[in-house]
Amino acid sequence: MNDEFFMRLGLNEAWKYQLLTYPNPAVGCVVVAKNGEILSVQAHQKAGTFHAELRAIISALGKINKNFNELFKLDAHAAYEQILKHHNNLLCGAKVYVSLEPCSHFGRTPPCATLLKELKISQIIIGVMDKNSHGGAKMLADAGILVKSGILKNECARLIEPFMLWSGLSHTNSKNFTLFKTAMSLNGVISGKISQDLARAHCHQIRSLIDLIVIGGNTARIDNPRLDARFSNSKKAPDVLIYSQKQNFNPNLALFKIPARKVQISANLAQIKEKNFVMIEGVDNLLKALKNDIHWLLIYQNKSFMQGNNFNLKLSLDILHQSDLGDDCALWCKIKN
């Protein structure tokens, strides 16, 4: 097993939380003992909670001494301090694989690079360097820890592409990431109920984080969706933009009934670029009209053959990653130029 193997374990774990870490990047981390045993595979899961490195360290320590698992019940700062006091060099000589360079500054959570230095790990293997890390890799190198970088660099960079876009750190300099979400059966049917519980819950988790959701006028009139996030923990419902030339909509539509929500009706999508994180929900007609305005495509594909209307659009895609969601799978894609 080589560095690429361990890094890919961390990447696959991080993809489970892609976008759910907003406004933070998705990050994966693996801790390997000096005898080659995999002690933990973890990822950052939500902004304001443990970074991937801290989760991986607690999990690794917990595999050696189960009492450390109690640290998951604490906040990040308290868990960090407990590790510094009680780690007893249990991870001395271990290797740590992380998809993004560890941070070295205090924010909502403590600096991961400082913690790794104190644990006396032997190597840190990094996928891609972080412009905002404030020198995490240098701190570790200065402490005598072997630092390697660029392992699966392109795959690690792809993982954080949404973060780079909504943070204004990409070459575009605009602070916007726009996702197009759709659902279909294995044979391309898009009518009727497609997604099952896990896929719907995943979609609602994303909805609870976005700044704006965009749908077509026909979707609003015919499907009458609520477009809320009732299957997520936060229950926050995003603001809605109905993309339509016609302004007349029944005020009793479900999406108008959500408290504390702003709904706009417009044929002008310029405001999308003013929002950090936007999700467009629709099918082939809307995608055809807006394909030049999106960065990624998320397809919830049910694993069954169904009867109904089929997706009817010629499109070439790069599949970035595929995640299993029970009766469905999530296909993360980019439209080929």
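Predicted model: local features only at pLDDT ≥ 70, side-chain atom pairs only at ≥ 80, totals over all residues.

Me: How much space lies in the second largest pocket?
Reply: On a 1 Å grid over the protein atoms alone, a pocket is an open set of points where a 1.4 Å probe fits, with protein on both sides within 12 Å along at least five of seven lines. Grid points are joined across faces, edges and corners, and the volume is the space filled by probe spheres set on the points. For the second largest pocket this comes to about 470 Å³.

Me: Which residues lining the second largest pocket are the closest to its centre?
Reply: Lining residues have an atom within 4 Å of a point, and the second largest pocket has 22 of them. By class there are nine nonpolar, nine polar and four charged residues; Ala, Val, Leu, Ile, Met, Phe, Trp, Tyr, Cys and Pro count as nonpolar, Asp, Glu, Lys and Arg as charged, and the others, Gly among them, as polar. The closest to the centre are Asn24, Pro25, His51, Cys103 and His105.

Me: Which element gives the largest share of the lining of the largest pocket?
Reply: About 1,200 Å³ of space lies in the largest pocket, and Lys181, Thr219, Asp223, Gly282 and Val283 are the closest to its centre among 39 lining residues. Elements here are DSSP runs, numbered from the N terminus: helices (H or I, at least four residues) and strands (E, at least two). Those giving two or more residues to this lining are β6 (177-184), α8 (197-207), β7 (212-216), α9 (217-223) and α10 (284-290). The largest share, six residues, comes from α9.

Me: Why do the rings of Tyr22 and Phe277 count as tilted?
Reply: Rings of Phe, Tyr and Trp (its six-membered ring) pair if their centres lie within 6.5 Å; planes under 30 degrees apart count as stacked, over 60 as edge-to-face and the rest as tilted. The centres of Tyr22 and Phe277 are 5.0 Å apart, and the pair is tilted because the planes are at 55°.

Me: Is Phe277 buried or exposed?
Reply: Buried means under 20% relative accessible area, exposed over 50%, and partly exposed in between (1.4 Å probe, protein chains only). Phe277 has a relative accessible area of 0%, so Phe277 is buried.

Me: How far apart in sequence are the parts that Arg8 and Glu155 tie together?
Reply: A salt bridge is a side-chain nitrogen of Lys or Arg within 4 Å of a carboxyl oxygen of Asp or Glu. Arg8 and Glu155 form one, with their closest N and O atoms 2.8 Å apart. Arg8 lies in helix α1 and Glu155 in helix α6 (residues 153-159), so the pair ties together parts separated in sequence by 147 residues.

Me: Which residues are linked in a network of salt bridges?
Reply: The structure holds 13 salt bridges, including one between Lys73 and Glu70. The network links Lys181, Arg207 and Glu281.

Note on methods: Residues numbered from 1 in each chain as written. Heavy atoms only, no water.
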